[in-house]
Amino acid sequence: MKYIGMDLHKNTSNFSIKDRNGNEIDSRQIPTEPSAIKGYLKHFRKARLVLEPVSQWYFYANLISKLGIDVRLANPLKVKAIASARIKTDKIDASVLCDLLRTNLLPEAYFSSPKVRFWKEMTRFRASLIHLNTQIKNKIHNLLFKNGIRHPFTDLFGKAGIAWLRSLKLEEQFQFNLDRYLGLTEILEDLIKEADQKIERTVKSHSQARLLTSIPGISYCSGLTIMAEIGDIHRFPSAKKLQGYAGLVPSTYASGERMAHGRITKQGSRWLRWTMVMIAHRQLLCRKRPGFAWYYERIRQRKGSGAAAVATARKLLAVVWRILKDNRPFEIIPPKTVGSPGAHPKTIVL
């Protein structure tokens, strides 16, 4: 068995190839180009290769896998903790990755399937469009501020607000800028609608993603984001493991007989954490299908809205785990069936 450490970079990549005993077979730097990498690695079929998940890893992991090489992903945070050194070069990094792989000490990251990576691209593309649209809207607000104009609208970019903006008569350069900004927002809104429609079709064609939309506050977009970040639910043996992956569990400090808990760890998937917190805030708007607004309010009265959102997000993630594990939709048992009259509704999935 041959073991390959690959330090992937934008322009060049370093390789370290060793046998089971750690004897170096080859070590070299190669241009990060498909033809060059295929030409080099085709001589090492049935080997095992490890690389870190940098920006190009999707493409090169697929390319190398097709050569018959077993590709593994290293967890970059844990690798740095294990392999920290005073002298650091790309060649050394490749060698260290190779050694961790051949000695079974490699802290692996989740190697998501092509379908899951496709979902991530869809949801993050939509998020990038919304971010761009928000930037343009902020520029319009700033333009109004420069001209001393106040607007009377709750939503400046609703139909009435847009009509009002188009009716404004400003100095030449400000008018030019405003017209172009409004044109950009129209284009971005159309692109966001197209992305929403594509995401909706994807969710409707996938049974588990469709199950998540049965939870109050979870839309097609947030449902697919959750699925994209989780991947295979069976890699999480418990809801607590999933909550830890989202960075929604309190940090713990223990020394001797003393133990203290602090803020949430914020380690793991920031996209999953952000999505669950947004869904938690959205619980207050769920009227037709009540969710966890009662739980959010109970925590908010004691600890504030920030703590309430995090606690509710954590609870919702436990519901997500149970729904995906049991492969059944979200349901609520009426209060009279679970306790005294007036009790809070309980979900059958908890």
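**Ground rules.** Residues are numbered from 1 along each chain as its sequence is written, and side-chain values use heavy atoms, with hydrogens and water left out. Because the model is predicted, local features need pLDDT of at least 70 and side-chain atom pairs count only at pLDDT 80 or more, while totals for chains, interfaces and linings use all residues.

**Entry 1: aromatic rings.** I paired rings of Phe, Tyr and Trp (its six-membered ring) with centres within 6.5 Å; planes under 30 degrees apart are stacked, over 60 edge-to-face, the rest tilted. By this rule I get nine aromatic pairs. Tryptophan 57 and tyrosine 58 make an edge-to-face pair, at 4.8 Å centre to centre and 85° between the planes. Tryptophan 57 is buried, at 9%. Tyrosine 58 has 22% relative accessibility, so it counts as partly exposed. I also noted one aromatic cluster formed by Phe15, Tyr40 and Phe44.

**Entry 2: arginine 235.** I looked for charges over rings (NZ of Lys or CZ of Arg within 6 Å of the ring centre and within 35 degrees of the ring normal). The charged end of arginine 235 sits over the ring of tyrosine 110, 3.6 Å from its centre. The charged end of arginine 235 also sits over the ring of tyrosine 245, at 4.9 Å from the centre.

**Entry 3: nonpolar cores.** I defined a core as buried Ala, Val, Leu, Ile, Met, Phe, Trp, Tyr and Cys residues joined through side-chain atoms within 4.5 Å. The largest has 46 residues; Leu212, Ile215, Ile226, Ile230, Met276 and Val320 touch the most other members. Helices here are DSSP runs (H or I, at least four residues), numbered from the N terminus. Helix 13 gives the most to this core, 13 residues. Another core, of 22 residues, lies apart from it and includes Ile17, Leu49, Ile69 and Val71.

I then checked contacts (heavy atoms within 4.5 Å). Beyond its neighbours within four places in sequence, leucine 212 contacts Ile218, Gly223, Ile226, Met227, Val320, Ile323 and Leu324.

**Entry 4: helix 5.** How many residues does helix 5 have? Helix 5 has 33 residues and reaches 48 Å from first C-alpha to last, close to the 48 Å expected (1.5 Å times one less than the number of residues). Its buried residues include Trp119, Met122 and Ile136. They pack against helix 2, helix 6, helix 7 and helix 9. Just after helix 5, glycine 148 takes a positive phi of about 65°.

Note on methods. Buried means under 20% relative accessible area, exposed over 50%, partly exposed in between (1.4 Å probe, protein chains only). Helices (H or I, at least four residues) and strands (E, at least two) are DSSP runs, numbered from the N terminus.
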